[in-house]
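Reader: I am new to this structure and would like to know what the terms used for it rest on. Please take me through them.

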Amino acid sequence: MSLTTFTPRQAERESPPVSTKAPTKVTTTSLQEKKRLGQPITAVTAYDYASARIIDEAGLDLILVGDSLAMVMQGQPNTLAITMDEMLLYTRGVRRAVRHALLVADMPFGSYHATPADGVANAIRFIKEAGAEAVKIEGPRIELVKQLTQAEIPVVGHLGLTPQSVHRMGGFKVQGKTIAAIDALREDALSLEAAGCCAIVLEGIPREAARLITDALDIPTIGIGAGPDCDGQILVLHDMLSLTFSPAAKFVRRYADLGAVMRDALTEYKRDVTARTFPSEAESYHLPHEARLLLATLHVGNEESTPLTKEHAPSI
Ligand SMILES: Nc1nc(=O)c2c([nH]1)NC[C@@H]1CN(c3ccc(C(=O)N[C@@H](CCC(=O)O)C(=O)O)cc3)CN21
Ligand SMILES: CC(C)C(=O)C(=O)O
Ligand SMILES: [Mg+2]
């Protein structure tokens, strides 16, 4: 198959059919409908209640509790050490915030690698104990995807630069750089689709490879560092808001500098506390007038404590 073949899918993207209804709850099936209609799927990661509230209210389609939280929330060098219990804890917080978006949880390294039975048992925990609506697994684990689908658990696949394979890949390296590698990725994607995946994340691959795979599939692809031809895009929230501490990969676009906003706010707070200009009178609680007078009389002759004089007492 040539990389430059013009496909019906591409024609659909350039002239998408018009949608008539706006669903209020995103589901695995509504994501597939978006692909059919040529409407891009919008996705980001979230790891906490407050961020998830803002993302959900902004109307994004999909929120992923990514195992990238090991790196951006916990400062670990890769995603390998995060546990099921930790992932469940973060997912529960996000769950309480999300009404509109599809909530997907990343299965952590080790939770599905030994046997498919482990994978099914752990995926059930995400659904039962944390309220996830789908799980994401890395790599072409076809038998596991079949068993999860059989167990009524929607699965998002993940191919290309799969961070849980960091040691095998010899670092976080862009994948799919040869025709043979692209062909293998396309075969894996088709197998994942046949096994029942509802979507596939494509990470760190050339845009030409992502386009080829996207056109070969009926289910949507969601890209990160995979170019503009995927059916949707996902970014790590902390990357797009500049809440990270190392140089970002080239696919990251910085939509805000929240790191700078926080730094400025904290510097100002420190200055105010040091100068005793925080808290102000308005930011303090006061006794009622009668009680203040009574308290003042109790202090008469008491050398140890400061009486409430006119100077110290607030006027209410
Ligand atoms: N904060 C954050 N955002 C991410 O998107 C992200 C993570 N962490 N951690 C896990 C993976 C790693 N990611 C990466 C990391 C590097 C490249 C990259 O551009 N690699 C270059 C250089 C590799 C090297 O240093 O040798 C490449 O050309 O392969 C891509 C995706 C994406 N993922
Ligand atoms: C970047 C996305 C796809 C991810 O797997 C994560 O955040 O862990
Ligand atoms: Mg992940």
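Author: A residue is called buried if 20 or more other C-beta atoms lie within 10 Å of its own, exposed if 12 or fewer, and partly exposed in between, with C-beta atoms placed from the backbone. This is a predicted model, in which local features need pLDDT of at least 70, side-chain atom pairs count only at pLDDT 80 or more, and totals for chains, interfaces and linings use all residues. Residues are numbered from 1 along each chain as its sequence is written, while chains are lettered from A and ligands numbered from 1 in the order in which they are written.

Reader: Why is T28 called partly exposed?

Author: T28 has 19 C-beta neighbours inside 10 Å and therefore counts as partly exposed, since buried would take 20 or more and exposed 12 or fewer.

Reader: How do you know that T28 lies in a helix, and what is T28 in contact with?

Author: Helices (H or I, at least four residues) and strands (E, at least two) are DSSP runs, numbered from the N terminus. T28 belongs to helix 2, residues 28-37. Two residues are in contact if their C-beta atoms, placed from the backbone, lie within 7 Å. Leaving aside neighbours within four places in sequence, T28 is in contact with L102, A134, P154 and C198. The C-alpha atoms of T28 and V155 are separated by 9.3 Å, and these residues are 127 apart along the chain.

Reader: Which peptide bond is cis, and where is P279?

Author: The bond joining F278 and P279 is cis, with omega about -5°. Most peptide bonds are trans. P279 is in the loop between helix 12 (258-274) and helix 13 (289-298).

Reader: Why is strand 6 called largely enclosed?

Author: Five of the five residues of strand 6 are buried, so the rest of the structure largely encloses this strand. On one side are A199, V201 and E203, on the other I200 and L202, and all are buried. In a regular strand the side chains alternate between the two faces of the sheet.

Reader: How do you know that strand 6 pairs with strand 5 and with strand 7?

Author: Two strands pair if DSSP finds at least two bridges between them. Strand 5 (residues 155-160) and strand 6 have five bridges and are parallel; V156 stands opposite A199. Strand 6 and strand 7 are joined by four bridges, also in parallel, and I200 stands opposite T221.

Reader: What makes a β-α-β unit right-handed, and which elements form one with strand 6?

Author: A crossover is right-handed if, with the strands pointing away from the viewer, the path from the first strand over the helix to the second runs clockwise. Strand 6, helix 10 and strand 7 form a right-handed unit, as do strand 1, helix 3 (residues 49-57) and strand 2. The buried residues of helix 10 (207-216) include A209, L212 and I213. They pack against helix 9 (179-195), strand 6 (199-203) and strand 7 (221-224).

Reader: What makes a set of residues a nonpolar core, and how many residues has the largest one?

Author: A nonpolar core is a set of buried Ala, Val, Leu, Ile, Met, Phe, Trp, Tyr and Cys residues joined through C-beta atoms within 7 Å. The largest has 67 residues, and L62, V104 and I200 are among those with the most contacts inside it. In soluble globular proteins, nonpolar side chains tend to be buried together. Across the chain, 36% of the 316 residues are buried.
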